[in-house]
Amino acid sequence: MEKSPAAGRFAPTALMLGNLVTGCSVLAPAGMLPELATGLEVSIYAAGLLITFGAVALCIGSPLTAWLTSRIERRTLLATTLAVLAFGNLASAFAPDYASLLVIRLVMLAIGALYTPQAAGTAALIVPAERRGSTIAYIFLGWSLAAAVGLPLITIIASRYGWRAAYGGIGALGCISLLLLLLRLPAGLKGAPVDLKTWAAVGRSRTILLLLAITMLQMSGQFVVFTYMGPLLNKLTGAGADAIGMVFALYGVCGLLGVVIATRIVDTSGPYRTSLLFTCLLLAGITGWALGAGSLVLMTGAVATCGLGFASTNSMQQVRLVAAAPPLASATVALNTSVLYIGQAVGSAIGGLLFAHGFLHTLGFVAVGFVVLALILVVLTRPRSTAAATA
């Protein structure tokens with residue numbers, strides 16, 4: 001990567017807020033499945049497919065767009081991506097039917113797939129190497145805020161004013177984030193171009209491939225449950241919209257707390273140990289959900305524990321990939337985002353099928369299986385020496 005100019009003041013915060021918009025855009029349907037189903041006259045399962053098909057568009061779009069746009073100056077690229085997300089959400093608010101909403105979502109997310117990996121790669125350009133890990137983790141706070149603040153607000157707004165108002169709110173937030181990015185992110189930032197040799201080098205690295213597999217398994221496990229968490233809480237415990245909104249808020253607040261803790265300890269404990277800690281917390285939360293299904297108190301406690309791990313594990317994956325092969329960061333971060341969305345697609349598809357067939361308790365145990373496999377791979381990627389633990 002080229003040496004970057006000094007970062008503009010609040011540039012990391014501008015990048016983080018862009019992730020907030022991206023996270024809300026991706027996760028929004030999960031917070032308003034009943035309203036979407038009613039308003040569009042489809043089943044909850046069909047409404048959930050907005051997440052599944054959106055994740056497919058994201059997983060294809062992330063590496064493809066990273067390759068096609070790697071030579072474009074970063075502020076221009078990120079601003080264009082945010083503009084598409086903002087106007088895509090505004091257009092969603094006026095979608096006349098399910099098919100139109102799905103098409104808008106697929107186009108919006110295929111381009112929006114650029115934002116998260118490019119924001120992480122840009123962070124590596126605007127801060128010194130010793131602060132890279134904590135800055136990348138900070139930028140991923142945007143996803144935590146999307147769950148902590150965005151999803152509960154989406155649930156509340158949709159239940160009171162309709163799903164169109166919720167999409168309109170996300171679009172307005174996107175416009176504000178776009179303006180801040182243009183004002184605060186320095187111009188002239190460029191990373192190393194991504195070419196076919198870069199992809200070949202990634203494919204030859206056993207460590208990188210294992211790290212990518214960890215991301216996919218972690219996300220698959222989470223989205224088996226997360227996609228249908230609202231309807232599951234309603235069917236298993238009788239929770240209403242306000243209670244479900246509070247559970248989403250707790251999930252997001254704990255996710256925010258988890259990332260803050262990870263940001264504080266990663267530069268001293270190392271990405272591997274930090275990743276191991278939060279993957280264990282994720283597993284504990286998913287297991288608690290599976291065993292406590294039917295009890296609102298137990299399921300809420302499990303959601304809180306799971307929340308501590310959901311965003312921090314992904315931010316640590318980004319840090320580990322950048323540290324494992326800094327010259328390949330543009331490609332590996334894009335691929336990590338792609339397999340993250342593959343995990344979302346796989347998990348939400350499996351969760352949707354189980355939900356549609358009434359296997360409500362089974363969802364949790366299937367999710368546990370995915371996260372157990374992820375934990376095994378985390379252990380297998382343990383650095384060979386203490387000195388390497390910071391890599």
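Helices here are DSSP runs (H or I, at least four residues), numbered from the N terminus. Welcome to this predicted model, in which local features need pLDDT of at least 70, side-chain atom pairs count only at pLDDT 80 or more, and totals for chains, interfaces and linings use all residues. Residues are numbered from 1 along each chain as its sequence is written, and side-chain values use heavy atoms, with hydrogens and water left out.

**A buried leucine and a buried threonine**

- Leu101 sits in helix 5, which covers residues 98-112.
- Is Leu101 buried or exposed? Its relative accessible area is 0%, so Leu101 is buried (buried means under 20% relative accessible area, exposed over 50%, and partly exposed in between, with a 1.4 Å probe and protein chains only).
- Beyond its neighbours within four places in sequence, Leu101 is in contact with Leu36, Leu40, Leu50, Ser92, Ala95, Trp163 and Tyr167, where contact means heavy atoms within 4.5 Å.
- One of these partners, Leu50, is 51 residues from Leu101 in sequence, and their C-alpha atoms are 8.6 Å apart in space.
- Thr215 belongs to helix 11 (residues 206-226), and it counts as buried because its relative accessibility is 1%.
- Setting aside residues up to four places away in sequence, Thr215 touches Asn314, Gln317, Asn336, Val339 and Leu340.

**Helix 1 against helix 4**

- Two packed helices are described by the angle between their axes and the distance between the axes.
- For helix 1 (residues 11-27) and helix 4, the axes come within 10 Å and cross at roughly 35°; axes are lines fitted to C-alpha atoms, for helices over the stretch in contact, and angles run from 0 to 180 degrees between N-to-C directions.
- On the helix 1 side, Leu15, Gly18, Val21, Thr22 and Ser25 make the contact, and they meet Leu78, Leu82, Leu85 and Asn89 of helix 4.

**Charged residues**

- Side chains of opposite charge can pair when their charged atoms come close.
- How many salt bridges does a search of the whole structure find? The search finds one, a salt bridge being a side-chain nitrogen of Lys or Arg within 4 Å of a carboxyl oxygen of Asp or Glu.
- Asp242 and Arg160 form a salt bridge, with their closest N and O atoms 3.2 Å apart.
- This pair links distant parts of the chain, 82 residues apart: Asp242 is in helix 13 (residues 241-269) and Arg160 is in helix 8 (residues 141-161).
- Asp242 is partly exposed at 46% relative accessibility, and Arg160 is partly exposed with a relative accessible area of 47%.
- Glu73 lies in the loop between helix 3 (44-68) and helix 4 (74-92).
- Although buried, Glu73 has no salt bridge, and the nearest side chain of opposite charge, Arg75, is 4.8 Å away (Lys and Arg count as positive and Asp and Glu as negative, while His and the chain ends are not counted).
- The Glu73 side chain does reach the backbone nitrogen of Arg75, at 3.2 Å.
- Not counting residues up to four places away in sequence, Glu73 touches Pro186, Ala187, Gly188, Leu189 and Lys190.

- Leu182 is part of helix 9 (residues 163-184) and is partly exposed, with a relative accessible area of 41%.
- Apart from residues up to four places away in sequence, Leu182 touches Arg75 and Ala79.
- Ile156 is found in helix 8 and counts as partly exposed at 35% relative accessibility.

Technical notes
Helices (H or I, at least four residues) and strands (E, at least two) are DSSP runs, numbered from the N terminus. A polar contact is a pair of N or O atoms within 3.5 Å; within protein, one must be able to donate a hydrogen and the other to accept it, and residues adjacent in sequence count only if both atoms are side-chain atoms.
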